Amino acid sequence: MRQFPLEALDLAPGRLVEWRLHRTGERGGGGGEGPVRRASFNQDKHFTVAEEGRREHDEFSSWLAVTFEVPGALDRRALESALLHFARRHEVLRCEFRRLAGELACEPLRPEDIGLTAVDVGEFDSTEELRTFLGDGFKERIDTLSWPLFLMGAVVRDDISTVYLAFDHIVCDGMSMPNVVSDVRTAYASYAAGRDVVLPTAGSYLDFAQEQRHHYLSISESDSRLDYWKSFIARNGEFFPRFPLDLGIEPGRTYPTVNEAGPLLDARQTADLESRCLAVGGKAFMGVLAAVAIALRQAGGPGVYRGLMPVSERGRGDWLHSMGWFVNTMPIEFSVAEDEDFADVLANVRAGFAEMLRSVDVPFVRVWELLAPDEFALRTWPFPVNFFSYVDMRKCPGAEHHEDWRPTAHVWASRSNGTSSWFQRDTSGLHINSIYADTPQSRRTMTDLRRRLRRVLLEISRCGTIPVQRNGDGEFLHTRAYSR
């Protein structure tokens, strides 16, 4: 499983069917599962940004989506049952969000109070027409301020069908996408065979949000749990770590986005990279982060890497198989000085990561509000921020079936004032997906950086050494159709 733009999906023509969620009963609070509950810190900030953008007619939109395949003639009844089971299984998907006395409240519908309506959209004769319809539909119909907060459908063909689900970020994160595939495909197989659906326990994200607010809503700026952040800010000079290369971004502006993806290493090269990391006491993701830091320094960045890193919060409860925004964001810092070899840099990454984990519990949005209140009032991060994300898709729920299910993840954002890159490892190797502001300088900078990064990764995987700096001569594949 990998992540790349929807526009790069090799999506054969077919007949499009959608299943649209509707209420069959009352909303929560009166006829729901329990009392109205508060949203998480991530959800509250996300919803607030959408509200402010709507009021000022300056809306930022985004979505996360996943696609996967069902071979043979599609059993539409079984798929509809699987999709309804999925929507009923996860409480956050049944929630409406609204302001109550200034607070963002979640009001869940009961599982039995939602239903699906099948809509035959029609036949599509070309891949381009189909991609455009889906992309436009996701942009126009997924609205943070309106329920339902996700779409479901399938491109039906005689021999194989492609199922898609697209979500607003307020109900999910990137690690939710493998759970979507595992839930729906497992339930589909069960319904098609006339069996009961058996899936692992999936805790409610609303319970997670409640626990999070109970622990961290009352903390103050003087709380010792913020000491790691304060020390980072003191050395960094500001709350956010800046992306260290020129992107041609004007202060206060956002831009349409470029969404690019491509392979960095094949499976053997990635295994070799991991072996080099293990040999010096590290892990594969540490080697990728070390390579990013080295490539940034060789491109003109500093000898100290400072960046933000998303960290999964799914390990503290029954949330491994849940839908929700289980992500904290933490700063990480380590030396990548020119006179250090790969073993030195990896040891620095390992030490920096261990230090970060000791303070990982305090939610990023709460820290942002306390330690940078002026910037917290903004609808975007104030300038291009250094950001690194890595996921080993081979370890996700359902990964043992990915060769048959052929899942792909897709992320889109309408505008940006910086750059974000996501790294994924799957059975075919290491891949990157980057979304960044579309300026001429950004295109030059990101193209050069990825070439440098690929060269660094190849050198480490081959020899366990850092390549000598020279002009970029690596190859990076821009957006293209990925064969399914």
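Which residue in β6 is the bridge partner of Arg 99? I looked this up first in my notebook, keeping in mind that the model is predicted. The partner turns out to be Leu 104.

**Entry: the sheet**
β5 and β6 (residues 103–108) run antiparallel, joined by 6 bridges. They belong to an open sheet of 3 strands in the order β3-β6-β5, with antiparallel pairing. I noted β3 (37–38) and β5 (95–100) as the edge strands, since each pairs on one side only. A reminder to myself: strands of a sheet pair through backbone hydrogen bonds. Helix α1 (residues 41–55) lies across β3, β5 and β6, and runs at about 70 degrees to β5.

**Entry: helix α13**
Next I checked a helix length. With 24 residues (440–463) at 1.5 Å a residue, α13 should span 34 Å. I found its end C-alpha atoms 35 Å apart, which agrees. After α13 comes Gly 464, with a positive phi near 70 degrees.

**Entry: the cavity**
At least two lining residues come from each of α8 (284–298), β16 (419–426), β17 (429–437) and α13. My helix from the previous entry shows up again here: α13 gives the most to this lining, with 4 residues.

Terms used. Residues are numbered from 1 along each chain as its sequence is written. This is a predicted model: local features need pLDDT of at least 70, side-chain atom pairs count only at pLDDT 80 or more; totals for chains, interfaces and linings use all residues. Side-chain values use heavy atoms; hydrogens and water are left out. The expected span of a helix is 1.5 Å times one less than its number of residues. Two strands pair if DSSP finds at least two bridges between them. Contact means heavy atoms within 4.5 Å. Axes are lines fitted to C-alpha atoms, for helices over the stretch in contact, and angles run from 0 to 180 degrees between N-to-C directions.
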